[in-house]
Amino acid sequence: MRAGTLPSRWDSGGPKCMEMPEWQAHEYNPDLYILRQSGCTDFEKPFVFLLFGGERALLLDTGSRNGNIAPQIALIVHRWLTRNGRDSIPLLIVHTHAHGDHVAGDAALKALNDAAIPITLIPATVEDNQKIFGIAHWPEDAGAVDLGNRILDALAIPGHQDAGVALYDRQTGILFTGDSVYPGRLYIHDLAAFQKSNERMLRFTAGKPVTHILGNHIEQTRTPYLDYPEGTLWQPQEHELALPRGVLLEIQAGLESMHGKPQRMAYRDFTLWPRAERNPADEARVEAYKQQQRKAMWDQNSP
Ligand SMILES: [Zn+2]
Ligand SMILES: [Zn+2]
């Protein structure tokens, strides 16, 4: 198992947006980079992951709107090439799921394509994911992709979104779970599918080392049960990104206790959040909150 480190805290959005880069890049180890989009560009502040194998690199997700991700990825790949004494490496781009806050950088990254970084972009659809990962029967079968001495197992995990995929990196023991498991509000679109997907992750990882579960957002504070309001940009007391495999057991118990009847359930490090139709008054309240925060963001002092 190859080791790596996570930062003690991530940047979120502020307090001084003028001083913040659009992306925070963290070297987990020389062949795995974790990037986080600044909340100053979009409140979703998603994480994306860049993994290098012997024959190609893989980018998991492309960030949210206003991310300007392409120069950041180009910089890291070119530095990696220099460090490894190579001229080029193909980059395969896949997605944890199809929501806008994880695919917004697709076009910009596709345009990076050149001799040093030949790009293959896989659209975030069930069909395309089946093909690239070799998943014969969706969502039951597992698939995989080999980056060259680095195999990533792929599990179909619909429920949050129909084309959802989790990747298990055999080299580091990290399970990448997208928006299905992370410290925050786990929005459930299809309860039955979500439960089966969670079971699939539990079964697959049984008896395997799971170093970390890494999802795509942080919405939880460091205070148990407490999350930031939707739309929060600056989150100075954030929960850490990594979760242990045990949360899959908690999620499973919670889902089973619902007996098919969607119900919001708060746990220490996340909330199960079956998604009803959103009401316009709620949307307006969240938007007003975001606007007020955006204004404050340019002119606030550190505590
Ligand atoms: Zn999502
Ligand atoms: Zn998301």
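A salt bridge is a side-chain nitrogen of Lys or Arg within 4 Å of a carboxyl oxygen of Asp or Glu. This structure holds ten of them.

Some ground rules. This is a predicted model, where local features need pLDDT of at least 70 and side-chain atom pairs count only at pLDDT 80 or more, while totals for chains, interfaces and linings use all residues. Residues are numbered from 1 along each chain as its sequence is written, chains are lettered from A and ligands numbered from 1 in the order in which they are written, and side-chain values use heavy atoms, with hydrogens and water left out.

Now, some of the salt bridges. Aspartate 42 meets arginine 65, N to O 2.7 Å. That pair links distant parts of the chain, 23 residues apart: aspartate 42 sits in the loop between strand 2 and strand 3, arginine 65 in the loop between strand 4 (57–60) and helix 1 (70–83). Helices (H or I, at least four residues) and strands (E, at least two) are DSSP runs, numbered from the N terminus. Aspartate 42 counts as buried, because its relative accessibility is 3%. Buried means under 20% relative accessible area, exposed over 50%, partly exposed in between (1.4 Å probe, protein chains only). Arginine 65, at 45%, is partly exposed.

Next, arginine 150 and aspartate 169. Their closest N and O atoms are 2.7 Å apart. Arginine 150 is buried at 1%. Aspartate 169 is buried at 0%.

On to the disulfide, a pair of cysteine sulfur atoms within 2.5 Å. There is one. Cysteine 17 joins cysteine 40, S to S 2.0 Å. The link is left-handed, with -85° about the S-S bond. Cysteine 17 is buried at 7%. Cysteine 40 is partly exposed at 22%.

Last, the metal. Which residues are the protein donors of the zinc ion (ligand 2)? They are Asp101 (OD), His102 (NE2), Asp179 (OD) and His217 (NE2), 2.1 to 2.2 Å from the ion. Donors are N, O and S atoms within 2.8 Å of the metal (3.2 Å for Na, K and Ca); water is not among the atoms, so sites may look incomplete. Along the chain, the donor spacing reads D-H-x76-D-x37-H.

Why is the arrangement irregular? Because the four donor atoms subtend angles of 87 to 158°. Four donors count as tetrahedral if all angles lie between 85 and 135 degrees; four count as square planar and six as octahedral if opposite donors are over 155 degrees apart and all others between 65 and 115; anything else is irregular.

The zinc ion (ligand 1) lies 3.5 Å from the zinc ion (ligand 2), and aspartate 179 coordinates both. Histidine 102 and aspartate 179 are both buried.
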